[in-house]
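Reader: I'm new to this one and I'd like to know where the labels come from. Can we go through them together?

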Amino acid sequence: MAVADAENPLLGETTCGSLLQKLQQIWDEVGENDEERDKMLLQLEQECLDVYKRKVDQAVKSRAHLLQALADAQLELSHLLSALGEKSFVGIPDKTPGTIKEQLAAIAPMLEQLWKQKEERVKEFSDVQSQIQRICGEIAGNSSLSEVPAVDEADLSLKKLDEFQGRLQELQKEKSERLHKVLDFVSTVHDLCAVLGMDFFSTVTEVHPSLNDSTGVQSKSISNDTLSRLAKTVLALKEDKKQRLRKLQELATQLIDLWNLMDTPDEERSLFDHVTCNKSASVDEVTIPGALALDLIEQAEVEVERLDQLKASRMKEIAFKRQAELEEIFARAHIEIDPEAARAKIMALIDSGDIEPSELLADMENQIARAKEEAFSRRDILDKVEKWMSACEEESWLEDYNRDENRYNSSRGAHLNLKRAEKARILVNKIPALVDTLVAKTRAWEEEHGIPFAYDGVPLLAMLDEYAMLRHDREDERRRMRDHKKFHEQLNTEQEAIFGSRPSPGRPVGPKKVVGPRANGGGANGTPGRRLSLNANQNGARSISKDGKRDNTRPVAPVNYVAISKEDATSHVSGTDREPVSP
């Protein structure tokens, strides 16, 4: 009954004392001696110590495990903070109070949060590094993706991530710039192929297949090799465009020259407007699709060849047309030539067949070019010759006007003649300086070219010298006439003093005549029919009319540059060396 009570937990709490008491009761009932009892008690005490020792050892081991776990957790926490670049973490006290398990319980959520942050950071690094690797591959020309780049988990700081993102932004900017260059190159190739009449797709796909319009913009190759090949393609196309344009312009020039030679009608010329429209265009100005296509150039070449054959059959007509152009240049420059001999020579060359038509025309073109150069060198002197002749004509008119005794009458147009006379006097006063300038320029021209300057076959310096000499003679004649007039006036005054009366106004005192008004150039002094003796004795001067044709009626020298008054002319005809006879 007592044993049952000791084992029944409902009857009371089982303790070591109660068990020992039961054991003593049992021993008493059994009759164990004291030695056995002490021996058994010592055994019980030893077994209890062993149990305590095992429990203590287990507790020590458990504590050591907990401390190690805490240390590992703290170390991992510090590693995570270092890898993430965090100097501290919110919620971690400097000194954590409480038991080991409480400390572990406090660190566990922090570790979990840092692990999640690390995973996210690793993913960000992986994405950024993958994009960097992909763009670098596109720039290098290796667009195929290799293995995923390894992420250095020892450094997952935001600073390192910012460095990668900065690198990524630079690469993205470079990619964008390269893509713009590629698109610009492709656009240029497209425009050049359109102008040259070439297949754009085959040309651009030879550089890289991704440059086809069917691929997306982001899929186009941006490698150094692609950019280099595109640049070379553009340079080659531009050089081809330049050569084709030069060839087309040469053909256009030949077409225009041949058309002008053979007077081709405008209807036939309009068929090649697409060729001649670019005759003076620069390379950048030619943008019309097909403007420099090979078939267009071949068409122009065929037309030039056809016109060349036609030109050979019309050689005489063309050569004479060139000769007429040459004669017109010489005529405008007042250069004396023998046109009949030149035409006869051309006829002889063509009939003999000793010279190719192209060579003959080229020689005539050279003659025309030289004639234009010579005419240009004579232009300044010829302009002054024209001014000199015009001034001399005004001088002739002024002398006729001064001899008109009725010039101040209030007749119709008198005020106009008066204004003209004022301008003519100003112009006449400039003649000596004009002649001096003309002589200086003519001599300088002759020294430079080594030949005399001839005006319609007459040496200009000889004309100017004779003009100066005749002008001097004319002044001397005027001086003698003034002296003769003064002598008669003095004689009349003496007769009036002796006889006391003047001669009747109705009777002329001498043989003088009243000179009435006359048209310019109608008398003996300064008339268009008057010529220099030098000019009349040599080549029979010819000048140029407004339409460039020679006129055999106009003198080469000024029409009045030896103009003399009627009294001067009478005296000059009767004998210049004789003195007037006194009455």
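Reader: What makes α11 and α12 roughly antiparallel?

Author: This is a predicted model, and in it α11 and helix α12 (residues 339-352) pack at an angle of about 155°. Angles over 145 degrees count as roughly antiparallel, so α11 and α12 get that label. Their axes are 11 Å apart, and the crossing is right-handed.

Reader: Which residues of α11 and α12 meet?

Author: On the α11 side, M315, K316, A319, F320, Q323, A324 and E327 take part. They meet P339, A342, R343, I346, M347, I350 and D351 in α12.

Reader: Why is K316 called partly exposed?

Author: Partly exposed covers the range between under 20% (buried) and over 50% (exposed). K316 has 34% relative accessibility, so K316 counts as partly exposed.

Reader: And how do you know which residues K316 touches?

Author: Contact means heavy atoms within 4.5 Å. Setting aside neighbours within four places in sequence, K316 is in contact with M347, I350 and D351. Take I350: K316 and I350 are 34 residues apart in sequence, and their C-alpha atoms are 7.2 Å apart in space.

Reader: Now another pair: why is α3 called roughly parallel to α4?

Author: α3 and α4 pack at an angle of about 30°, with their axes 9 Å apart. The label roughly parallel goes to angles under 35 degrees, and that makes α3 roughly parallel to α4. As for handedness, α3 passes α4 in a left-handed crossing.

Reader: Which residues of α3 and α4 meet?

Author: Among those in α3 are R63, L66, L67, A69 and L70.

Reader: What makes R471 count as buried?

Author: The cut-off for buried is under 20% relative accessible area. R471 has 18% relative accessibility, so R471 counts as buried. R471 is placed in helix α16 (residues 460-499). Not counting residues up to four places away in sequence, R471 touches E395, V428, I431 and P432.

Reader: How much of the protein is buried?

Author: Buried residues make up 32% of the 583 residues. The protein exposes about 36,700 Å², and carbon and sulfur atoms supply 53% of that.

Reader: What is in the largest nonpolar core?

Author: That core has 67 residues, and V182, L211, L255, V275, V286 and L292 touch the most other members. Helices that each supply at least two residues include α3 (34-83), α4 (100-140), α5 (158-196) and α7 (224-262). The largest share, 13 residues, comes from α7.

Reader: What does V182 touch?

Author: Leaving out residues up to four places away in sequence, V182 touches L211, S221, I222, L227 and L230.

Reader: Which residues does the second core include?

Author: The second, separate core has 35 residues, and C392, A424, L434 and V435 are included in it.

Reader: To finish, how many helices and strands are there, and what share of contacts join residues at least 24 apart?

Author: The protein has 18 helices and 4 strands. Among contacts between residues at least 6 apart in sequence, 75% join residues at least 24 apart.

How values were computed:
Residues numbered from 1 in each chain as written. Predicted model: local features only at pLDDT ≥ 70, side-chain atom pairs only at ≥ 80, totals over all residues. Heavy atoms only, no water. Core = buried A, V, L, I, M, F, W, Y, C linked by side-chain atoms within 4.5 Å. Buried < 20%, exposed > 50% of the residue type's maximum accessible area, 1.4 Å probe, protein only. Areas by Shrake-Rupley, 256 points an atom, 1.4 Å probe, with all protein chains shown as cover. Axes fitted to C-alpha atoms, helices over the stretch in contact; angles between N-to-C directions. Parallel < 35°, antiparallel > 145°, perpendicular 65-115°, else oblique. Left-handed = near helix turned anticlockwise from the far one by under 90°.
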